[in-house]
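Colleague: I'd like to learn how to read a few features of this model. Could you walk me through them?

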Amino acid sequence: LTAKMAASLHELSGGRLVLGLGAGWKQDEYLAYGYDFPPPAERIHELEETVRIIRQMWTEPRATFEGRYYTVRDAICEPKPSPPPPIMIGGGGKKLMLRLVARYADWWNFPGGSLDNYADLLAPLRGHCADVGRDYDSIVKTWACECVAVAPTSAQARRMAESSPFYGPDSAIVGTPGEVAAQLRRFTDLGVTHFMLRFADF
């Protein structure tokens, strides 16, 4: 169903969709909607099967897949998205999740955390890419920040940030326009090319 919805949205948007997928984390939402919330490793294995099914449905006339968690038989997805949208996988588990990213992701997102935290994930990702024969540089690197506060002075920006329910002192981007640009540039220096930003005054 996700593959078909994404293909339709890709068509309607003129090919602008990036399909973001993850293994889930917000247990109360799962339970509120009646979904199981298995342990992290199991959710990551479910995600892997999901990505494999979606790619088959986007590229093959009919998709058949029998996994441990999901099974489809002669599933049809028409019209096929052409070209297929990039699949962005979000998460930062060094053993399982980054290996999944190395195998299947066109884009990778790590939500929140500090610059050092982000940098600490790059070596394991490179290692997994080498293990599976993937070009590390072919994965688009992205970062999401829950609180960006920009103001004419640093003090004004700090007050704005601290009033946001999404503020975290280790992950927020705060300051004057020049200071904010410099903070983001530290991520681009690591290879990040796309940002997802929540502004404190929005």
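Colleague: How many of the 11 residues of strand β6 (residues 140-150) are buried?

Modeller: Before that, a word on the basis: this is a predicted model, where local features need pLDDT of at least 70, side-chain atom pairs count only at pLDDT 80 or more, and totals for chains, interfaces and linings use all residues. Residues are numbered from 1 along each chain as its sequence is written, and side-chain values use heavy atoms, leaving out hydrogens and water. Buried means under 20% relative accessible area, with a 1.4 Å probe and protein chains only. In β6, eight of the 11 residues are buried, so the strand is mostly covered.

Colleague: Which way does β6 run relative to strand β5 (residues 107-111)?

Modeller: Two strands pair if DSSP finds at least two bridges between them. Here five bridges join β5 to β6, and the two run parallel. W108 stands opposite K141 in β6. By contrast, β2 (residues 63-66) and β3 (residues 71-75) are antiparallel, joined by three bridges; a hairpin of four residues links them, and F65 has V72 as its bridge partner in β3.

Colleague: And how do helices α4 and α5 pack?

Modeller: Two packed helices are described by the angle between their axes and the distance between the axes. For α4 (residues 97-104) and α5 (residues 115-132), the angle is about 50 degrees and the axes are 8 Å apart.

Colleague: Which residues of α4 meet α5?

Modeller: L98, R99, V101, A102 and R103 do, with L121 and H128 among their partners in α5 (contact: heavy atoms within 4.5 Å).

Conventions:
Axes are lines fitted to C-alpha atoms, for helices over the stretch in contact, and angles run from 0 to 180 degrees between N-to-C directions. Buried means under 20% relative accessible area, exposed over 50%, partly exposed in between (1.4 Å probe, protein chains only).
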